[in-house]
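Good morning, and thank you for coming. I would like to take you through one structure, one region after another. Please look at the display as we begin.

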There are 2 protein chains.
Amino acid sequence: MIIDCHGHYTTAPKALEAWRNRQIAGLKDPAVAPKASELAIGDDALRESIETNQLAKMKERGSDLTIFSPRASFMAHHIGDFRTSATWAAICNELCHRVSRLFPDNFIGAAMLPQSPGVDPKTCIPELEKCVNEYGFIAINLNPDPSGGHWKEPPLSDRHWYPIYEKMVEYDIPAMIHVSTSCNPCFHTTGAHYLNADTTAFMQCLTADLFRDFPTLKFVIPHGGGAVPYHWGRFRGLAQELGKPLLRDHLLNNIYFDTCVYHQPGIDLLTRVIPVDNVLFASEMIGAVRGIDPETGFHYDDTRRYIEAAGLSAEERHKIYEGNARRVYPRLDAALRAKGR
Amino acid sequence: MIIDCHGHYTTAPKALEAWRNRQIAGLKDPAVAPKASELAIGDDALRESIETNQLAKMKERGSDLTIFSPRASFMAHHIGDFRTSATWAAICNELCHRVSRLFPDNFIGAAMLPQSPGVDPKTCIPELEKCVNEYGFIAINLNPDPSGGHWKEPPLSDRHWYPIYEKMVEYDIPAMIHVSTSCNPCFHTTGAHYLNADTTAFMQCLTADLFRDFPTLKFVIPHGGGAVPYHWGRFRGLAQELGKPLLRDHLLNNIYFDTCVYHQPGIDLLTRVIPVDNVLFASEMIGAVRGIDPETGFHYDDTRRYIEAAGLSAEERHKIYEGNARRVYPRLDAALRAKGR
C-alpha cells in the first residue's frame, strides 16, 4: 500500500471560497456575514471534486490512501479573530470528513486548527477533539506562524504550545508543521514562506529540548524539510556547537520529513542524508506545483517516480510508502487494521 | 588560484565589540556614546587576528584569496538609526580595508552598507563609493531585511532598492544578499534566518522582472542558495506556473550561488543541479559552523574537500575556484591582472 501523508482539499467546490469571501467581507460589514448553515455543498459535488482530481491522479500514479486536510493556504489564520477561525476550521474539517466518508478506502482526515494570532492555542482543543473523536481524524496541521509571515508567536519549543502537545500525546497523533498563506509581501507563499517555515521549525526544535518534555511527540516537517536535509552538515555542526546530542538522538525520534521535493536530485539527497525511518511518502498533490516538468515529461509533484528511481531497496521503499506512516500515525494504523488492511 | 568569495572578519580584536557595545549603550544614554576615534586597533593586533585564524586556515586548506567583508551577524542594521549604522559601517569597512592592505595577496574587501530599517537605501551610496574608490573594494553585502527578522522592507524587486542597483551597475560590482542577526525569537540567526533569507531573495527575483530593468546586475546568494537548489524542481515549476521564462534564462544570467554547504551530499546536489557557471567557491570560514565533523574528521566548513570529491572535471573546478569569480567580480579580475595574477 502507498500512503500519501500530505494532501490538502485544494479542489473543493467554488461555493466554499464564495462563503469564505462573504465571511471576510462580514468582518468589515457584519450585515453581510454568512451563517455556517448557508454553505450547502452536496455529496455529488464533493464526489466530483475528488474523483476528477485527487482520486484520478492517485489511481494514475499508484497511491492508495491520502491523509487529507483542509487547503493549507486557505487556512489564513491571520484573518479575523478566533471566532472567524473557529467557524472556518469547523467548515473545512467537516468537508474533509465527508470526503473521507465518501471515499473511506482512499482518504483519512487530518485537522486544521482554529488558530488565531495572539490567542492561546488551548482554544483549539475542542475542534481537535471533535475531529479525532467524531470524525476519526488521525493527525493535525499546526501552524507555527498564524500571523501569516510576520512570525509573532513564540517558537514551537515555548510552553505557549504545550496545551496542543499534551493533547497530541494523549491522543497519539502527530502534527504536520504547516504554515498558511503569507500576507508579508517579502515572502511568496509556496516558494518562500512554506520552505522557510520548515527550516525555522526544525531549528526551533534543535535549539531547545522540547522532546525531553514530550518524548512521544511527533512532528512531520513537510516539503522535504525545507532547507534542512540539503544543509544537514550545517545543522549537525550547529547542534554540536550548542552542546546538543547528535541529531539522530536529539531530534530524529520525533521529527519526520515528507517527500514533497519535486525533482530527482532533491529526493536522492533526502534519502541519502536522512535515515529511511524518518522519511514519509507525500506529494502534496494537487498543490503548489501542478505543471509538467519539460525535463521529464511528468508532473513535478509525481513524487513516486523519484522514490522509485532513488536506488532504494524494496524494504526501504516499503518503509517510506507505508511502514513509517503506520508507525508515525498510530490511529491510521489502527483504522487500517480494523478493516483488515 | 582558489578564490573564496565569502569571508567575514569574525575574528576582529575584542576592542571592536567593546566599542560597539558602548555605541549601543549610548543610544539610551548619550553621555556614554563613544567617538569613532576612541577605537584604536593597531596593525599588529589586526595582523595577529588574521594570521592565526583565517590566513592560517587558508594556507592549511589551500585557498589563496578571500573576498572579505565585515562580520555579517554584527552588522545588526536594526540597532539605532541611520547615523548609528553609518558610523558602525565606516569603522567595520575600514578595518577590512586595513586587513586587505596588510595582506594584499590574500584579502580584498567587500563593503557592509549603513542600512537602517525604513531609511532610503540611497543613503548608503556615499559609504559604497568610498569603499570602492578609496579602499578598492570589489563588491557589497546587501541586507534584504535590515529589521533583523521582521521583514519590513519591500522585496528586492521593488524600486525602493534601485538607487543601490544603479550604483552597482555603474561600478560593475555584485552584491552578496546577506542578512544579519535575527532579533525575532522565531529565527535562529545562522540556522534559520540566513537560509530563509537566501530562499526568500531568490523567490523575490523569480516572481519579478528585476533583471529586465538591470540586465547586468549580479547577486550572489550565499549558503548554497538556502533551500533553492534542493527544491530546484519546485522553483522551475513555480516559474512555469507564473509564466516566467526557464530559470536559466530568467535568473541565471544574474544570480550565483556560493558553496557554503557543509557536507558532501549538499555540494554534490548543488553541483549536479546548478550550472557550473553559476557556482562560486566559498567557505564562510571562520563562521557559523567551526567544529570538526565526527563523520569525516575534518572541519564542516572546509568546503574545498567537498568540491574536490564532487566528481567535477578540472575545468569545472577551475570555474568554481577562480574563473567564475573573475567574471562575477570584474574589479577583482582587474585588481589581479594589475598584479600579473
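Which element supplies the largest share of the lining of the largest pocket? It is helix H10 of chain A, with 4 residues. Before I go further, please keep in mind that what you see is a predicted model.

Let us stay with the pocket for a moment. The largest pocket holds about 500 Å³ of space. It is lined by 24 residues, and the closest to its centre are Trp232(A), Arg236(A), Val273(A), Asp293(B) and Glu295(B). Helix H10 (232–241) and helix H11 (247–250) of chain A each supply at least two residues of the lining, and so do helix H12 (264–273) and helix H13 of chain B.

This brings us to the relation between the two chains. Chain B is superposed on chain A by a rotation of 180 degrees with 0.0 Å of shift along the axis, and the RMSD is 0.0 Å. That is the relation of a two-fold axis. In chain B, the C-alpha nearest this axis belongs to Ala227(B), at 2.1 Å from it. Through which surface do the copies meet? Of the interface residues of chain B, 100% are also interface residues in chain A, so the copies meet through the same surface.

I now turn to the sheet in chain A. Here 6 strands form an open sheet with parallel pairing, in the order E4-E5-E6-E7-E8-E9. Strand E4 (111–112) and strand E9 (279–280) of chain A each have a single partner strand; they stand at the edges, so one side of each is left without a neighbour in the sheet. Further in, strand E6 (residues 175–177) and strand E7 (residues 219–221) of chain A pair in the parallel sense over 2 bridges. Within this pair, Ala175(A) stands opposite Phe219(A) of E7(A). A helix also packs on this sheet: helix H7 (residues 162–171) of chain A touches strand E5 (140–142), E6 and E7 of chain A. The direction of H7 makes about 160 degrees with that of E5(A).

Chain B has an open sheet of 6 strands as well, again with parallel pairing and the order E4-E5-E6-E7-E8-E9. In this sheet, strand E7 (residues 219–221) and strand E8 (residues 255–258) of chain B pair in the parallel sense over 3 bridges. Val220(B) stands opposite Tyr256(B) in E8(B).

Is strand E2 (residues 65–70) of chain B mostly covered or mostly uncovered? It is mostly covered, as 6 of its 6 residues are buried. E2(B) pairs in the parallel sense with strand E1 (residues 3–9) of chain B over 5 bridges, and Asp4(B) stands opposite Thr66(B) in E2(B). E2(B) also pairs in the parallel sense with strand E3 (residues 107–109) of chain B, over 3 bridges. There, Ile67(B) stands opposite Ile108(B) in E3(B).

I now come to the backbone. Most residues other than glycine have a negative phi, and most peptide bonds are trans. Where do we find departures from this pattern? Asp172(A) has a positive phi of about 55 degrees although it is not a glycine, and it lies in the loop between H7 and E6 of chain A. Glu284(A), also not a glycine, has a positive phi of about 50 degrees; its place is in the loop between E9 and H13 of chain A.

The peptide bond from Met285(A) to Ile286(A) is cis, with omega near 0 degrees. In chain B, the bond from Met285(B) to Ile286(B) is likewise cis, with omega near 5 degrees.

I will end with a residue in helix H13 of chain A, namely Thr303(A). Is Thr303(A) buried or exposed? Thr303(A) is buried, with a relative accessible area of 0%. Leaving aside neighbours within four places in sequence, its contacts include Tyr262(A), Phe281(A) and Ser283(A). Thank you for your attention.

Terms used. Residues are numbered from 1 along each chain as its sequence is written. Chains are lettered from A and ligands numbered from 1 in the order in which they are written. This is a predicted model: local features need pLDDT of at least 70, side-chain atom pairs count only at pLDDT 80 or more; totals for chains, interfaces and linings use all residues. Side-chain values use heavy atoms; hydrogens and water are left out. Two strands pair if DSSP finds at least two bridges between them. Contact means heavy atoms within 4.5 Å. Axes are lines fitted to C-alpha atoms, for helices over the stretch in contact, and angles run from 0 to 180 degrees between N-to-C directions. Copies are superposed by least squares on the C-alpha atoms of residues with pLDDT of at least 70 in both. On a 1 Å grid over the protein atoms alone, a cavity is a set of points where a 1.4 Å probe fits but cannot get out, and a pocket is an open set with protein on both sides within 12 Å along at least five of seven lines; lining residues have an atom within 4 Å of a point. Grid points are joined across faces, edges and corners, and a volume is the space filled by probe spheres set on the points. Buried means under 20% relative accessible area, exposed over 50%, partly exposed in between (1.4 Å probe, protein chains only).
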